[in-house]
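Good morning, and thank you for coming. Please look at the sequence and the structure as I show them.

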Amino acid sequence: MAKAYLEPGEVERLEGAATNLRDRLLIRLLARSGCRITEALAFTVEDVDLKQGTATILHLKTGLHLSCP
């Protein structure tokens with residue numbers, strides 16, 4: 001059975017292969033938060049709280065708001 005996740009080194013290689021900052025950040029967001037691509041694309045500047053150092057992601061499937069550092 002094939003694995004369903006990427007190892008940290010594989011994520012680093014993907015980030016290194018990205019040609020611009022936007023793509024590197026998207027890869028990192030997906031890898032670290034576990035969110036789906038549609039959830040990441042719905043992510044806005046207003047979802048970032050710099051004072052608390054958190055980002056809030058709305059999980060579309062469950063409607064759960066997840067705040068993570």
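A search of the whole structure, which is a predicted model, finds three salt bridges. As background, side chains of opposite charge can pair when their charged atoms come close. I shall take the pairs in turn.

Let us begin with Glu15 and Arg28, whose side chains meet in a salt bridge with an N to O distance of 2.7 Å. Where in the chain do Glu15 and Arg28 lie? Glu15 belongs to helix α1, residues 8-17, and Arg28 to helix α2, residues 21-33. The two residues are 13 residues apart, and the pair links distant parts of the chain. Is Glu15 buried or exposed? Its relative accessibility is 12%, and because buried means under 20%, Glu15 counts as buried. Arg28, at 37% relative accessibility, counts as partly exposed.

I turn now to Arg22 and Asp23. Their side chains also form a salt bridge, with 2.8 Å from N to O. Arg22 has a relative accessible area of 58%; exposed means over 50%, so Arg22 is exposed.

The remaining pair is Glu39 with Arg36. Here the salt bridge has an N to O distance of 3.6 Å. How accessible are these partners, and what do they count as? Glu39 counts as buried, with a relative accessibility of 2%. Arg36 counts as partly exposed, with a value of 44%.

To review, the search finds three salt bridges, and the one between Glu15 and Arg28 links distant parts of the chain. Thank you for your attention.

Methods: Residues are numbered from 1 along each chain as its sequence is written. This is a predicted model: local features need pLDDT of at least 70, side-chain atom pairs count only at pLDDT 80 or more; totals for chains, interfaces and linings use all residues. Side-chain values use heavy atoms; hydrogens and water are left out. A salt bridge is a side-chain nitrogen of Lys or Arg within 4 Å of a carboxyl oxygen of Asp or Glu. Helices (H or I, at least four residues) and strands (E, at least two) are DSSP runs, numbered from the N terminus. Buried means under 20% relative accessible area, exposed over 50%, partly exposed in between (1.4 Å probe, protein chains only).
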